[in-house]
Amino acid sequence: MHDILKLKNLNKKFGGVIATKNLTLSILNGELHAIIGPNGAGKTTLVSQIFGQIFPDSGQIFFQDMNVTQVSEYKKSRLGINRTFQITSVMKSLTVSENIQLATNTVQDNWFNFFKVSNNQDYIFKKIDFCLNQVGLEKAINQPVANLSHGDCRKLEIAMALASDAQLLLLDEPMAGLGPTETKEMIALLNKLKGQQTILLIEHDMDAVFALADRISVLVSGEIIATGDPDKIRRDSAVQSAYLGEM
Amino acid sequence: MDYTLLLIQVLNGLQLGVLLFLVASGLTLVFGILDFVNLAHGSIYMLGAFICASLTYILESYLLAVVFSLPIIGIIGYVFELFLARPLYTRDHLDHVLGTFGAILVIDTAAHLIWGPAGIAIPLPDYLDGQISIAENIEIPTFRLLIIAVGLTAAFGLLWLVNFTRLGMLIRAGASNRTMVAALGINIRSLFAIVFALGATLAGLAGMLIAPITEASLGMGNNIIITAFVVIIVGGIGSVKGAFVAALLIGLIDTLGRAFLDDLFKIFMSTTAAENSAPAISSMSIYLIMALILSFKPKGLFPPRLR
Amino acid sequence: MSFYLDLATRLCILAIAAVGLNLILGYGGMISFGHAAYLGIGAYAVGIPAHHWLYGGLDFLATTNGFMHITIAIVISGLFALLTGLICLKTKGVYFIMITMAFSQMAYYLFVSIEEYGGDDGLVINTRSEIPLISLDDPIQMFFVSFLSLIFFMWLIHLITKSNFGLILKGIKDNEARMISLGYNVYLHKLIAFVFSGIICGFAGVLLGNFMTFISPEMIDWARSGELMFMVILGGVATVMGPLFGAIVFIILEEILSSITIYWHLPFGLLLIAVVLFFKGGLSSLLSK
């Protein structure tokens with residue numbers, strides 16, 4: 001299976017506004033594919049459709065050759081698609097390790113064990129350690145998330161994404177709100193993840209995009225106007241005019 | 001099929017619907033525009049009834065009592081807004097619920113202290129106490145027609161106000177963008193106070209209209225408030241039009257259900273079974289309708305537009 | 001002495017109901033303003049069978065067997081929670097509060113409308129549930145049954161909150177959208193918690209019916225639901241002991257205020273308003289612990 005995610009002729013209108021226009025895109029298995037575009041291009045709507053928060057008016061979405069166009073959000077996640085949010089979205093009232101636990105499949109599959117103490121499983125411990133090590137948060141394991149800095153919360157989100165064993169991971173502006181050092185750390189972290197999972201990266205930070213992406217697609221007014229490797233995109237005249245020299 | 005009885009019950013249903021609208025409209029405006037959940041709205045309805053009752057005895061005229069009671073209720077509404085609602089606007093809805101719940105306890109107990117545990121009847125003047133023939137053999141109590149007339153006038157008046165006047169425009173603007181309206185120099189505080197007082201006055205009016213029929217009584221507020229919530233949930237929160245449609249719908253279903261459900265049941269049940277089950281089912285009818293409508297339209301018939 | 005015993009028994013019963021409500025309100029963030037309905041259902045689950053046993057009619061239902069009463073209470077509470085939960089849980093925030101209130105009111109009117117069981121006036125039964133080896137007619141035994149039940153339910157909640165299910169519930173309360181995106185069927189989890197919560201309150205209702213032997217729709221009045229919420233929120237949400245503390249505070253307040261005046265709801269209401277107004281961040285801030 002070459003394309004892990006295939007979007008075919010997606011269309012979505014809200015009242016008179018066309019948010020997604022005949023969008024076709026294929027994400028290759030194992031690549032890090034970035035989607036860039038000016039504000040209002042329809043990135044959020046696209047993400048929502050991929051995830052099943054909203055459904056397209058027409059068109060299809062295939063995940064691993066399965067038609068998942070009308071599959072609702074929580075079911076999509078169980079199929080192996082996972083995401084992080086533009087605004088950090090973790091469970092602030094819980095600890096770091098509890099957040100990761102919730103992200104693991106084991107808790108999901110064993111919730112009906114009403115009397116099983118949730119942190120008593122060796123497998124989960126190992127997983128939590130592994131994920132936190134990958135992102136450099138192993139010391140924070142029992143910290144309440146409320147005590148974490150913004151950058152560390154972002155790392156936690158990545159750790160949760162790792163814990164979920166997702167095959168397709170969508171990162172929604174992971175660089176948002178990070179200072180220069182933290183951005184460098186995040187880029188290094190994402191580089192480590194490359195190849196372990198297929199990553200769909202939505203980003204504004206061009207340095208990050210060009211440092212990480214195997215391929216880039218440009219979204220303008222709900223349409224993909226160009227797809228290709230970073231050099232090709234850099235040279236594309238349509239993209240340049242859409243961004244008015246931002247690159 | 002006794003069409004006379006049906007007509008009378010339809011009119012009763014309209015009457016209930018119209019009263020529900022008067023109560024629900026204030027509730028939905030306050031919730032839709034001020035984003036404030038007021039459980040105590042029913043208590044204001046009750047106060048309207050009691051104040052009108054007292055004034056009727058003092059002034060020896062029901063109509064005069066209504067005329068004077070309305071501004072009193074308006075002032076009570078204003079005071080309520082000032083001291084209880086205003087401090088809570090920035091808070092969570094839960095705080096509104098608990099705070100106004102406390103207010104209900106206070107107002108209900110105060111009413112008990114002032115007016116005693118028994119209800120107070122309001123005598124109607126002779127010219128309102130009679131019947132009117134609206135058709136051959138069909139006589140309707142005059143007062144009930146008056147209630148319907150007053151209620152419909154208030155409904156259209158409110159709809160006109162909200163949709164065709166400057167005040168209404170400010171209200172609608174304030175609903176969708178509070179800060180913008182404030183930035184335009186409009187005094188949001190006054191606007192909100194006016195809306196609140198208006199809602200309270202309508203609820204009080206409803207109380208004054210129903211009291212000659214059912215007496216001013218201590219439990220009346222609590223009975224009506226939940227039904228009013230059902231109305232605004234079904235109608236869509238913030239929508240006056242929705243409140244109107246839902247109020248009439250619920251008024252009719254409740255009234256007709258209580259009147260005719262046992263007859264309906266007798267078609268396919270034994271008489272005793274029908275007579276035993278009908279009161280129970282009809283008492284649940286409006287909630288069943290609410291559940292039904294919510295399962296198809298979770299935000300009500302005329303849902304609020306996104307802010 | 002018997003006054004304090006009665007007070008303690010009533011405290012235990014209310015605390016059990018508060019424990020039940022805390023499961024969904026405290027741990028799950030679902031603010032139900034209609035939980036008194038389950039107390040009523042549980043009480044009527046004792047009253048109606050006992051009534052038929054004493055006065056005839058509906059032989060299949062007539063019984064004073066305590067286990068039957070408990071079973072009926074659990075089944076009916078569970079069903080009521082399931083059916084109303086299916087609808088309520090599709091809504092959020094204040095809609096949820098209002099709809100739970102509406103359904104509770106529906107239960108109220110339902111019981112009021114049934115003439116045979118006393119309607120408005122309520123149902124008096126002069127017998128209690130029969131449980132082997134125990135006589136609930138004895139106030140001391142009544143107290144111990146209530147007390148031990150309270151301990152049992154507090155322990156049960158403790159287990160649940162330490163379990164996977166409990167963690168998921170806390171996650172849902174914290175960030176529902178995130179939990180959905182992690183793959184949890186949030187609706188189902190909330191529904192399960194909701195039903196469980198209703199059943200616990202239903203059990204409390206069985207004890208209440210036995211304790212009071214006067215069972216009336218007033219038990220379902222939404223002021224009772226408000227009082228339960230008050231207990232849970234003030235006592236400390238999402239803690240095992242919290243509902244007990246809340247019940248203690250409420251009972252003490254009620255006793256003190258009602259000894260001053262029979263119109264004790266007025267100062268209670270003022271107190272509630274004061275707490276809401278002057279508590280930093282409002283009572284809802286207590287909810288997000």
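Mentor: Helices (H or I, at least four residues) and strands (E, at least two) are DSSP runs, numbered from the N terminus. The model is predicted: local features need pLDDT of at least 70, side-chain atom pairs count only at pLDDT 80 or more, and totals for chains, interfaces and linings use all residues. Residues are numbered from 1 along each chain as its sequence is written, and chains are lettered from A in the order in which they are written.

Trainee: What order do the elements of chain C run in from the N terminus?

Mentor: The order is α-α-α-α-β-α-α-α-α-β-α-α-α-α. That comes to twelve helices and two strands.

Trainee: What makes the radius of gyration of chain C agree with a compact globule?

Mentor: The radius is taken over C-alpha atoms, and the globule rule is 2.2 Å times the number of residues to the power 0.38. For 289 residues the rule gives a value near 19 Å, and chain C has 19 Å, so the two agree. The C-alpha atoms fill a box of roughly 55 × 45 × 35 Å along the principal axes.

Trainee: Which residues of α10(C) are called buried?

Mentor: Buried means that 20 or more other C-beta atoms, placed from the backbone, lie within 10 Å of the residue's own. In α10(C), C:Gly242, C:Pro243, C:Leu244, C:Gly246, C:Ala247 and C:Phe250 are buried. The buried residues of this helix pack against α1 (2–27) and α9 (222–235) of chain C. Over chain C, 56% of the 289 residues count as buried.

Trainee: What is C:Ile16 in contact with, leaving aside its neighbours within four places in sequence?

Mentor: Contact means C-beta atoms, placed from the backbone, within 7 Å. The partners of C:Ile16 include C:Ser149, C:Phe153, C:Ile200 and C:Leu207. C:Ile16 is also among the residues with the most contacts inside the largest nonpolar core, which has 266 residues. Such a core is a set of buried Ala, Val, Leu, Ile, Met, Phe, Trp, Tyr and Cys residues joined through C-beta atoms within 7 Å.

Trainee: Why are β2 and β5 of chain A called edge strands?

Mentor: Two strands pair if DSSP finds at least two bridges between them. Four strands of chain A form an open, antiparallel sheet in the order β2-β1-β4-β5. The edge strands β2 (17–28) and β5 (66–67) each pair on one side only.

Key. A residue is buried if 20 or more other C-beta atoms lie within 10 Å of its own, exposed if 12 or fewer, and partly exposed in between; C-beta atoms are placed from the backbone. Two residues are in contact if their C-beta atoms, placed from the backbone, lie within 7 Å.
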